[in-house]
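The sequence and structure are shown first.

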Amino acid sequence: MFWEKERQDLALFDFYRRLLAIRKRYAVIGTGETEWIRDLPEENLLCWRFCKDGREQVTVLLNAGGCEAEARQYAGRRELLSESDFDGAVPAFSCCVLEGRTG
């Protein structure tokens, strides 16, 4: 840990801060069932969801590849890290945390 503020990675710190806030808000992440989604067409896209009582509450998309990956079936859901609507594209080497289905 760098204690000098100018040497700290503040963007990474903010990313972890947002992840922790999501985990606190959605207890299902620590206590629910984890289900892997295996039928995605994108090779480098990993997807899993956290469920409680069989109901999806949070979905995570992780793009481990160097190109943008598509997950259009999730478009329109709330992306919890950015607090915006998910457009179905997961940037290279990044992740999206989506709110579960509401209907």
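## Fold and dimensions

In this predicted model, the order of elements along the sequence is α-α-β-β-β-β-β-β-β-β, that is, two helices and eight strands. The C-alpha trace spans about 45 × 30 × 20 Å along its principal axes.

The protein has 103 residues, of which 32% count as buried. Among contacts between residues at least 6 apart in sequence, 39% join residues at least 24 apart.

## Nonpolar cores

Twelve residues form the largest nonpolar core: Ile 37, Leu 40, Leu 45, Cys 47, Leu 61, Ala 69, Ala 71, Tyr 74, Phe 86, Val 90, Cys 96 and Leu 98. The elements that contribute two or more residues to this core are β2 (45-52) and β8 (94-99). Another core, of 10 residues, lies apart from it and includes Tyr 26, Val 28, Val 60 and Leu 80.

Within the largest core, Leu 61 has contacts with residues including Leu 45, Cys 47, Ala 71, Tyr 74, Phe 86, Val 90, Cys 96 and Leu 98. Leu 61 also touches Leu 46, Ser 94 and Cys 95.

## The largest pocket

The largest pocket holds about 170 Å³ of space. Its lining consists of Leu 19, Ile 22, Arg 23, Ile 29, Trp 48, Phe 50, Val 58, Val 60, Cys 95 and Val 97. By class, nine of these residues are nonpolar, one is charged and none is polar.

At least two lining residues come from each of α1 (10-25), β2, β3 (55-63) and β8. The largest share, three residues, is supplied by α1.

Notes: Residues numbered from 1 in each chain as written. Predicted model: local features only at pLDDT ≥ 70, side-chain atom pairs only at ≥ 80, totals over all residues. Heavy atoms only, no water. Core = buried A, V, L, I, M, F, W, Y, C linked by side-chain atoms within 4.5 Å. Buried < 20%, exposed > 50% of the residue type's maximum accessible area, 1.4 Å probe, protein only. Helix = DSSP H or I, 4+ residues; strand = E, 2+ residues; numbered from the N terminus. Contact = heavy atoms within 4.5 Å. 1 Å grid on protein atoms, 1.4 Å probe; cavity = no way out; pocket = protein on both sides within 12 Å on 5 of 7 lines; lining within 4 Å. Points joined across faces, edges and corners; volume = space filled by probe spheres on them. Nonpolar A, V, L, I, M, F, W, Y, C, P; charged D, E, K, R; others polar. Lists of a residue's contacts leave out its neighbours within four places in sequence.
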